[in-house]
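Biologist: Please show me the model, and then let us go through its contacts one at a time.

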Amino acid sequence: MMQINDRIRVLRKEKGLTLKQLASASGLSLPFLSEVERGESNPSLESLESIARGLSINIEELLIDTEIKTSGTIPPTLESAISSGKIPPDWAQTLKNIQHRGHQPQTEDDWITLYYSVRKVLE
Amino acid sequence: MEDIFVILAKDIQSYKNCFRLTDDPLINFQKLILPEEAKNGLKYSEVALESGADGEYLNDKKQIIINDLVKYLPRKLFTIYHELSHYLIYNVFDETLSAIHEYDVNAKDHQLIIENLCNFSAAEFLIDNSIVSICLENGLPKIDVIKSYIKNPNFSAPALIYKLINNISNDCVGIIVRNSFYRPISNQKELALISLDVPDQNLKSSYVEYSFNSRNFKYPVKRFNLVEVDGCINSNFETQADIAQGDDKFPFSNSRTMPCYVYGFYKENRFFSFLVAKRANYISEDQLLLI
């Protein structure tokens, strides 16, 4: 079974569309479609219908043999920090998607340090 | 498909044309770009990042975070424009973002492409095109000219190097610079990081960590060389066997050595180095990976 983001990318390329063209055809934003194709965002049913329309297919064709699951893979050390209660679960996606310049978090302690640093800024 | 770096350069030039930019990149960011993008939700903060990262960008929050512990202005400027580039690629540079999705890569490779593009983007913002023609001759770097530019106060060395990478000939496969430096721990084989951002006029030599980049390379590779101030070492750069295996992601089918030159010098009591590698004769044009 294929992930929905891969299915969308495969169909888009089969149709010879760039992501920008699909954005225009579907009425969805390019940044959002980028997140969807990268598996960083789960599209709603409404968005999937728009994507299907942009691809000139029906939604059943889009969803056949696909699965939709929680976007992205959480690094094991981050997952460990969350399951031990040191980082709230709702911070998982924000921390996972941070673009780092310089040191990348490697250990559980790295993620905890990063969490507290970023929380200072956002709260 | 058009070269993605050309697409990015066009996106950047179109963007810059929307502002009356000055010669001061810090003023440009603080007074022109940030206020404009704040209307679109971009946020900026400086905090002490104990993680050691120079900066972070939170895409879902449109938040740039710069490490307040980094005081050296050129380094801070490069980071600001690097993080800004993350925001711009995902929210403003439609052509570049669309082009990135033409590559069938996994999530990790996508990240590496983005990081590379953000470095080149920062260089595009910080370095004028006119400098490139002064620093290169027939696509090869003029070392003394490059050093003289880098020695200018507040001039970003990485920005210059990344700008040059995009314009060098294929005879010169990479120019890199990184200013993390190390000393060996006594009686041990490990190297200890001695400083990142602290002036030290007594430092006469250092083991230098560097990344090897050219427009035909997707991945940085780090190696250590002992480099002396105002010195140049003639060394061999050897690709790591575990990253040089076979597939279409890397330019070499197995481990290769290439002659390279690593230069060390002082600027404002800080130790800088950069490396120039010339493509070995046995590596043919078609063996170089085209991204």
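Modeller: This is a predicted model, in which local features need pLDDT of at least 70, side-chain atom pairs count only at pLDDT 80 or more, and totals for chains, interfaces and linings use all residues. Residues are numbered from 1 along each chain as its sequence is written, chains are lettered from A and ligands numbered from 1 in the order in which they are written, and side-chain values use heavy atoms, with hydrogens and water left out.

Biologist: How many aromatic pairs does the structure hold over all chains?

Modeller: Rings of Phe, Tyr and Trp (its six-membered ring) pair if their centres lie within 6.5 Å; planes under 30 degrees apart count as stacked, over 60 as edge-to-face and the rest as tilted. Over all chains, the number of aromatic pairs is nine.

Biologist: What kind of aromatic pair do W91(A) and Y115(A) form?

Modeller: W91(A) is buried, as is Y115(A) (buried means under 20% relative accessible area, exposed over 50%, partly exposed in between, with a 1.4 Å probe and protein chains only). Their ring centres are 5.1 Å apart and the planes are at 85°, so by the cut-off of over 60 degrees the pair is edge-to-face.

Biologist: How many residues apart in sequence are the parts that this pair ties together?

Modeller: Helices here are DSSP runs of H or I, at least four residues, and strands are runs of E, at least two, numbered from the N terminus. W91(A) sits in the loop between α6 (76-83) and α7 (92-96) of chain A, while Y115(A) belongs to helix α8 (residues 108-122) of chain A, so the parts tied together are 24 residues apart.

Biologist: Which residue of chain A forms a salt bridge with E102(B)?

Modeller: A salt bridge is a side-chain nitrogen of Lys or Arg within 4 Å of a carboxyl oxygen of Asp or Glu. Chain B and chain A have two salt bridges between them. In the one with E102(B), the closest N and O atoms are 3.1 Å apart, and the partner is R12(A).
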